[in-house]
Amino acid sequence: MSGISLFICIIPDGLYLTRRETQKAMWEKNVQIYNREVSWLAFNDRVLQEAQDITVPLIQRLRFLGIFSNNQDEFIKVRVANLMRLSRIRGDKIQKTMEGFPVIEILKQVNSHMAYSQRIFSRVYTEILEEMESHHIYILNEQQINNRQRDFCREYFTREVSPWLVPLMVRKSTQLPFLTDNDLYLAVRMSLSTRNSHKYALIRIPVSRATPRFVELPSVAGRKELIFLDDVIRLCLNEIFFMFNYDEITAHTFQIIRDAQLTVDDDISKSIIEKVEQGLEGRLHGDPVRLIYDSGMPPDLLELIMGKLKLRKYDIMGGGRYHMMKHLMKFPVVDRSLEYEEHTPLPHPSLNRLSSILRVIREKDIFLNYPYHTFDHLIDFLREAAIDPKVTTICITLYRTAERSRVINALINAAENGKQVIVLEELMARFDEEQNVENSDLLQKVGIRVIHGFKALKVHCKLIYVERREKGHCRGYAYIGTGNFNETTARIYGDFGLFTTHEQIVHDVRGVFDFLQNTHKHLLYRHLLVSPYYMRSRIEKMIEREIKNSRKGKKASICAKFNGLTDVRMIRLLYKASQAGVEIRLIIRGACCLHPQMQGLSDHIRAISIVDRYLEHARLMIFHNDGEEQTYITSGDWMTRNLDNRIEVAVPIYDPEIRHTIRDIFEIQWADNVKARDLTLLGSNAYVKPEGEPPCHSQIELYEYYKQNIEVIYAH
């Protein structure tokens with residue numbers, strides 16, 4: 001069985017720590033505020049835990065390995081690249097991160113942690129392959145296939161693969177063509193022993209929808225056999241290089257990870273589209289941060305590539321035969337019994353697809369929780385607005401959309417029906433910029449006004465405003481959400497959305513769009529919390545109020561759920577609240593720099609993280625407020641970038657029934673003792689397992705919660 005061998009991180013002595021030293025430096029230290037990078041790596045280890053969990057369906061465990069790999073690649077492109085830039089800054093001062101740790105020390109810990117996690121990855125991958133074999137599913141290499149499969153691979157190569165290959169001959173005297181970090185490559189070495197000579201070439205492995213990374217082979221009944229696309233190409237190397245004279249030919253995979261920093265220049269003569277397109281081109285040519293290669297690669301071939309890329313020994317990582325394992329996320333469905341049980345998204349009990357959504361929203365607020373509720377309700381809302389003759393205006397913020405977006409189609413339909421459509425599109429959504437530029441072109445071609453984000457102020461809020469003529473005046477309809485308008489990710493991301501015609505909230509939503517169109521107008525929002533102008537100060541006042549109430553002997557509490565909690569100022573305020581006796585419960589999926597349960601500092605703070613089938617992306621805040629609870633859903637985390645450098649929106653929940661639902665959601669998730677991890681000790685990722693408690697798998701419980709709500713309403 002061909003798998004991936006241990007990942008060896010080659011780092012000079014000054015940039016490497018052992019696992020034990022890493023724990024001593026960070027995890028066992030009485031640190032008040034944890035480093036963000038190390039905390040994020042602890043989160044990615046929780047993803048890796050899902051791949052190790054034998055209760056997770058087998059093929060899904062393989063996909064969790066793909067998610068882990070994709071996360072780590074992006075982490076290297078962004079966070080490690082940033083640390084490396086900081087470490088190169090010359091001067092008398094020791095470069096430090098915002099938490100106060102020296103950059104070099106953090107870089108050591110990060111490198112060590114990634115190398116350690118990659119070794120676990122390799123072991124788990126091998127274990128999963130072995131278990132797949134017990135289900136008669138095999139991943140073979142080109143040496144293991146039979147004659148029938150060999151013929152199939154050659155025919156597949158000729159028909160599907162060969163047209164996309166452009167081999168690049170590499171000589172010591174020539175410059176290496178540019179290699180992107182979105183692609184995987186084979187480094188080829190042709191040897192002629194009689195002359196002791198070698199020729200070298202590079203081949204880009206053309207992974208796409210047409211040529212997926214995993215190719216299903218013809219197999220006998222009862223067996224499923226697959227092969228990496230890499231190995232199909234290896235099998236056919238002689239067909240590519242037949243014109244050369246050699247007696248041995250080998251090919252070894254490698255990938256390059258480049259600095260993903262996107263630089264947008266200040267040339268006022270260029271449009272924002274031109275600037276972003278040029279920035280994307282610059283990102284493609286970003287400096288290499290890592291070369292990850294097959295450790296079986298001959299030294300002369302490795303040295304040639306390193307020389308061409310101007311890499312040093314500590315810029316490279318040796319590993320196994322296969323790289324860019326993010327493609328495991330798209331591993332084919334080979335056995336339905338080894339997948340998650342299908343959970344069909346549920347309709348909201350108040351919304352009937354054959355009746356007007358606008359009419360229902362006029363009567364009551366509607367709360368949606370994806371992926372338990374269907375995203376079709378939002379699409380239907382936009383489609384109805386697009387064809388309703390009384391609707392005059394549609395405004396929306398877009399951050400990340402699906403590749404073939406029904407949201408975009410609905411907006412185009414609205415414009416073609418004569419509506420005024422205004423789209424605030426944030427082009428600078430990392431790794432989705434190219435898709436956003438394409439969307440912008442599509443929308444502008446039909447006359448839609450597209451406003452692009454601002455260089456120093458990313459627009460991350462999720463808003464829709466619809467204006468409709470009713471009885472001689474205009475009524476506004478608003479949608480405020482925590483997640484993107486993306487029907488694809490809405491099936492796997494847990495998010496909240498609120499439809500409302502609440503007059504004051506709608507007024508504030510319209511005010512946000514007025515500001516986005518006229519940035520010189522700073523409006524006062526009376527109900528929405530809007531960053532970067534009012535959100536932080538309003539949240540701080542609510543926390544301070546809980547502190548005052550606690551000091552008066554009143555009950556005081558805060559419940560919050562975020563993707564990340566890294567803002568130092570907010571963390572210190574939570575510590576102050578804990579010291580005043582405020583009971584604080586936090587559900588933080590990703591990086592959490594707060595240290596819970598620290599004696600004398602955070603005794604009253606508990607924090608957990610849930611990593612499971614669905615990505616926990618929804619954000620909420622509940623303040624006790626002396627018994628008059630204040631509940632918010634929000635697009636922004638308690639991170640400095642969200643509070644100070646982005647336009648985010650939090651909306652208060654006024655409907656008592658919806659407030660009750662959000663409280664139920666939090667309590668169900670807080671009771672999770674199947675997928676919840678305790679964040680008290682950074683990096684331990686210990687599962688929450690209270691003795692004597694029945695199992696509570698919150699994502700399954702939430703699906704049943706909404707299902708029962710529908711059944712109760714329909715029964716009446």
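1. A residue is called buried under 20% relative accessible area, exposed over 50% and partly exposed in between, with a 1.4 Å probe and protein chains only; by that scale glutamate 667 is partly exposed, with a relative accessible area of 29%. The model is predicted, so that local features need pLDDT of at least 70 and side-chain atom pairs count only at pLDDT 80 or more, while totals for chains, interfaces and linings use all residues. Residues are numbered from 1 along each chain as its sequence is written, and side-chain values use heavy atoms, with hydrogens and water left out.

2. The structure holds 38 salt bridges, a salt bridge being a side-chain nitrogen of Lys or Arg within 4 Å of a carboxyl oxygen of Asp or Glu. Glutamate 667 forms one of them with arginine 663, where the closest N and O atoms are 2.8 Å apart; the two residues, 4 apart in helix H18, are separated by about one helical turn. Helices (H or I, at least four residues) and strands (E, at least two) are DSSP runs numbered from the N terminus.

3. Arginine 663, which is buried with a relative accessible area of 17%, also meets the side chain of glutamate 629 in a salt bridge (2.4 Å, N to O). Because arginine 663 lies in H18 (residues 656-670) and glutamate 629 in the loop between E24 and E25, this pair ties together parts that are 34 residues apart in sequence. Glutamate 629 is partly exposed, at 28% relative accessible area.

4. Strands E24 (residues 620-623) and E25 pair in the antiparallel sense over 4 bridges, where pairing requires that DSSP finds at least two bridges between two strands. They form a hairpin with 6 residues between them, and asparagine 625 in the turn has a positive phi of about 55 degrees; phenylalanine 623 stands opposite glutamine 630 in E25.

5. E25 (residues 630-634) is mostly covered, with 4 of its 5 residues buried. E25 also pairs with strand E26 (residues 646-652), in the antiparallel sense over 3 bridges, and tyrosine 632 stands opposite proline 652 in E26.

6. A further salt bridge links glutamate 363 and arginine 359, whose closest N and O atoms are 3.5 Å apart. These residues lie 4 apart in helix H10 (residues 357-363), and are therefore separated by about one helical turn. Glutamate 363 is exposed, with a relative accessible area of 59%, whereas arginine 359 is partly exposed, at 34%.
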